[in-house]
Each structure stands twice: as structure tokens, then as C-alpha cells.
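Hello,

Here is the structure I promised to hand over. Please open it first, then read my notes below.

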Amino acid sequence: CDRCHESVCQPNGKNGVLVEPGDLDALKRAILSINNDNYSLLGSNALKTFESNFESSIVNDRVLKTINT
């Protein structure tokens, strides 16, 4: 879903690389763009994104709010 990828992967490449589904050339370029200089930064930013969006307490609160509305 569009909202999911926006919250998971920031479009500026800060915590990952987005590619269009089925675009193998874009996937190849994305994989090759990850190097020693940005690998650790992408990983630490991805962890921060996970912790602020997908920790169980956060997800549970979102589910309960959705159920109760």
C-alpha cells in the first residue's frame, strides 16, 4: 500500500531504497548504490524508523484505535 512504504522507507534514501515492483534494472541499481559509506547509516536509520513506527506498543495502540473508531 502507498501509505505503508511511505512510513517504512523515506523517499530521500535515508533508511532504504525504493524501487518500482518488477523493475529489475532499478533493483540492480538500488543494490549497487549501497556501499560501505552508506550501509551503516541506512541500517541505523532503518532501525530508528522501525522503533518509532513498529514497536509492539505503537502497533497495538494503532490497532485498538482502528477497532474503536
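The protein chain has an average pLDDT of 82, where pLDDT is the predictor's confidence in each residue, from 0 to 100. A score of at least 70 is reached by 83% of the residues. Helix H1 (residues 2–8) has the lowest confidence, with a mean of 49. Helix H2 (residues 24–33) has the highest, at 91.

This is a predicted model, in which local features need pLDDT of at least 70 and side-chain atom pairs count only at pLDDT 80 or more, while totals for chains, interfaces and linings use all residues. Residues are numbered from 1 along each chain as its sequence is written, and side-chain values use heavy atoms, with hydrogens and water left out.

Overall fold

The protein chain has four helices and zero strands. Read from the N terminus, the order is α-α-α-α. Helices (H or I, at least four residues) and strands (E, at least two) are DSSP runs, numbered from the N terminus.

Of the 69 residues in the protein chain, 13% are buried. Buried means under 20% relative accessible area, exposed means over 50%, and partly exposed lies in between (1.4 Å probe, protein chains only). The chain exposes about 5,700 Å². Carbon and sulfur atoms supply 57% of that area. Accessible areas come from the Shrake-Rupley method with a 1.4 Å probe; for residues, only the protein chains shown count as cover.

Now take contacts between residues at least 6 apart in sequence: 45% of them join residues at least 24 apart. Contact means heavy atoms within 4.5 Å.

H3 against H4

The axes of helix H3 (residues 36–53) and helix H4 (residues 56–67) come within 6 Å. They cross at roughly 45°. Axes are lines fitted to C-alpha atoms, for helices over the stretch in contact, and angles run from 0 to 180 degrees between N-to-C directions. H3 and H4 are therefore oblique to each other. Angles under 35 degrees count as roughly parallel, over 145 as roughly antiparallel, 65 to 115 as roughly perpendicular and the rest as oblique.

H3 brings Glu51, Ser52 and Asn53 to the contact, and H4 brings Ile58, Val59 and Arg62.

Arg62, in helix H4, is partly exposed at 41% relative accessibility. Leaving aside residues up to four places away in sequence, Arg62 touches Ser52 and Asn53.

Two more residues to look at

Asn45 lies in helix H3. Is Asn45 buried or exposed? At 11% relative accessibility, Asn45 counts as buried. Not counting residues up to four places away in sequence, Asn45 touches Lys14 and Asn15.

Ile34 sits in the loop between H2 and H3. Its relative accessible area is 36%, so Ile34 is partly exposed. With residues up to four places away in sequence not counted, Ile34 touches Val17, Tyr39 and Leu42. Ile34 and Val17 are 17 residues apart along the chain, and their C-alpha atoms are separated by 8.8 Å.

Best wishes
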